[in-house]
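Please keep the sequence and the structure in view while reading.

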Number of protein chains: 2
Amino acid sequence: MTRGGGAGASGVDPQQLWLNPGRTGRGRKPAFSREEITAAAVALADAEGLEAVTMRRVAARVGAGAMSLYSYAPDKETLLELMVDHVSGELPTDGRLTGDWRTDLKSVGRLQRDLMLRHRWLPAALSARRSLGPNTLAFLEYALAALRPTRLDGAAKLEVFSMLTGFVAGHVGYEISQAAAAGSSGRAAAEARYLAAVAADGRHPGLAEVLAAPGRPPDPEATFSRFLDRLVDGLDTG
Amino acid sequence: MTRGGGAGASGVDPQQLWLNPGRTGRGRKPAFSREEITAAAVALADAEGLEAVTMRRVAARVGAGAMSLYSYAPDKETLLELMVDHVSGELPTDGRLTGDWRTDLKSVGRLQRDLMLRHRWLPAALSARRSLGPNTLAFLEYALAALRPTRLDGAAKLEVFSMLTGFVAGHVGYEISQAAAAGSSGRAAAEARYLAAVAADGRHPGLAEVLAAPGRPPDPEATFSRFLDRLVDGLDTG
DNA sequence: CGTTATTCTCGTACGACGTACGAGAATAAC
DNA sequence: GTTATTCTCGTACGTCGTACGAGAATAACG
């Protein structure tokens, strides 16, 4: 995944977080594990959304006291990073590459989209975070392999990957909000009524025209593929 | 702007929020205004980031009691929507169009990027919100005018605009996090050290190669233009 | 002019949050 | 057995969004 963009950073040294040797053997045995706690947090986010992930609720899910989580992650921000890396572990890192980098890069984008649809909190979590865990890095490695035939320089490859991830996150975020708006109760209807009222005020001819000639309701899958294909096809490999 | 993607919606009817007739004349005179409060919230976010925007702090900035804000916005989520629409008012809605839709659409994207760089909390705020205020809609109108020569159907035009906005938000978010990582104290150095350690483990040849051949440090402005151009040039207008 | 209905302000208070602190329990090394 | 270490987690603090409702201001009505 490897994206970022927000203000509140964790401030935890990644080396210490991801590469720590861990227990010396001495001291009380841990009753839980980082893995277990992270998985509980992910399950909670999957079921009830990112805002349901609180230290107390995650702890309750694994049967721990709230403060016990702090033995496994220094703060909540770090727990969120662990969550991102955890689900990134679902991404294949050894899929076969065709050798045609455009095809392979599109496949990378589609894998990301599928992951984000499976964990709908992911676009939001990514948009404020930069994750560098082992699973994240493994997938980055895979994406870099896909880009190998391009002979772009290092910075440019990272750029392309970041851009792709950002694009996918943005698109899936939009997809999800579309689905949410269409689904829940009178919300969509209220919005449609409001837009119709605005379109009727005479100062929004473009909106009026769009509402009058909506075209077929778009298939999200097809739309994504269309934009992804064009984005990747438009890339120049120097 | 008009983007969305999160879970927590406001639940406020847009018609009532944006089109309300307002005061009947009767009753105590308001001591503040929605405009004033929104501007204070924007100033706060500009200065200290989105997480500094709390009801108490915004209220303090305008000299009101915290609870007084609830006379102007039903909840904080709505205040954030007002903020998005407020800054969208900085976008030109009557700029000259060249008539070449690709050129005009790129200009739309650049305007959005400039706005997001001026208000760095905007990508994060947009990623979880769908705003339909007057300024937002005015700019949508402008973008639709740019797309007029394409003869895409209504749904497709909205799709293109959403996609563009999502892309720009994603890119600017990434840009900002890059700048933040490069700036603040030892954070960047710690990250670089960690990545070097990972690259040296032998299981990340792609990362090792990238770090070895970084290429020139990319100019954000140029990078954005490059991706924007290719994205737009790749669009097919049916 | 009162009287009344309305609309605003904002102090108090509640439940949730992240998490600092530190007392106690468990474990390994000596 | 003693000691150092490492864990668990109850309590507590400060902050958040905001429900509630008493009081102040204002306009319409008699």
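A residue is called buried if 20 or more other C-beta atoms lie within 10 Å of its own, exposed if 12 or fewer do, and partly exposed in between, with C-beta atoms placed from the backbone. By this criterion, buried residues make up 42% of the 238 residues in chain A. This is a predicted model, in which local features need pLDDT of at least 70 and side-chain atom pairs count only at pLDDT 80 or more, while totals for chains, interfaces and linings use all residues. Residues are numbered from 1 along each chain as its sequence is written, and chains are lettered from A and ligands numbered from 1 in the order in which they are written.

**Fold of the chain**

Chain A has eleven helices and zero strands, where helices (H or I, at least four residues) and strands (E, at least two) are DSSP runs numbered from the N terminus. The C-alpha trace of chain A spans about 75 × 50 × 30 Å along its principal axes. Two residues are in contact if their C-beta atoms, placed from the backbone, lie within 7 Å. Among the contacts in chain A between residues at least 6 apart in sequence, 74% join residues at least 24 apart.

Helix α2 of chain B, residues 34–48, has 15 residues and reaches 21 Å from its first C-alpha to its last, close to the expected 21 Å, the expectation being 1.5 Å times one less than the number of residues. In α2(B), the residues I37(B), T38(B), A40(B), A41(B), V42(B), L44(B) and A45(B) are buried, and the buried residues of this helix pack against α3 (55–62) and α4 (76–88) of chain B. After α2(B) comes G49(B), whose phi is positive, near 90 degrees.

A nonpolar core is a set of buried Ala, Val, Leu, Ile, Met, Phe, Trp, Tyr and Cys residues joined through C-beta atoms within 7 Å. The largest such core has 123 residues, and those with the most contacts inside it are A41(A), M83(A), A41(B) and M83(B). Leaving aside neighbours within four places in sequence, A41(A) is in contact with V53(A), V58(A), L79(A) and M83(A).

**Two leucines**

L164(A) has its place in helix α8 of chain A and is buried, with 24 other C-beta atoms within 10 Å. Not counting residues up to four places away in sequence, L164(A) touches L105(A), V108(A) and G109(A). Although L164(A) and Q112(A) are 52 residues apart along the chain, their C-alpha atoms are separated by 9.4 Å.

L111(B) lies in helix α5, residues 101–118, of chain B and counts as partly exposed, with 18 C-beta neighbours inside 10 Å. With residues up to four places away in sequence not counted, L111(B) touches L91(B) and P92(B). The C-alpha atoms of L111(B) and A45(B), 66 residues apart along the chain, are separated by 20 Å.

**Contact between the chains**

The contact takes 68 residues from chain A and 68 residues from chain B. On the side of chain A that touches chain B, the largest share, 17 residues, comes from α8(A). The residues of that side divide into 34 nonpolar, 19 polar and 15 charged, where Ala, Val, Leu, Ile, Met, Phe, Trp, Tyr, Cys and Pro count as nonpolar, Asp, Glu, Lys and Arg as charged, and the others, Gly among them, as polar.

Chain A can be laid on chain B with an RMSD of 0.0 Å by a turn of 180 degrees and a shift of 0.0 Å along the axis, the superposition being by least squares on the C-alpha atoms of residues with pLDDT of at least 70 in both copies. That is the relation of a two-fold axis. Because 100% of the interface residues of chain A are also interface residues in chain B, the copies meet through the same surface.
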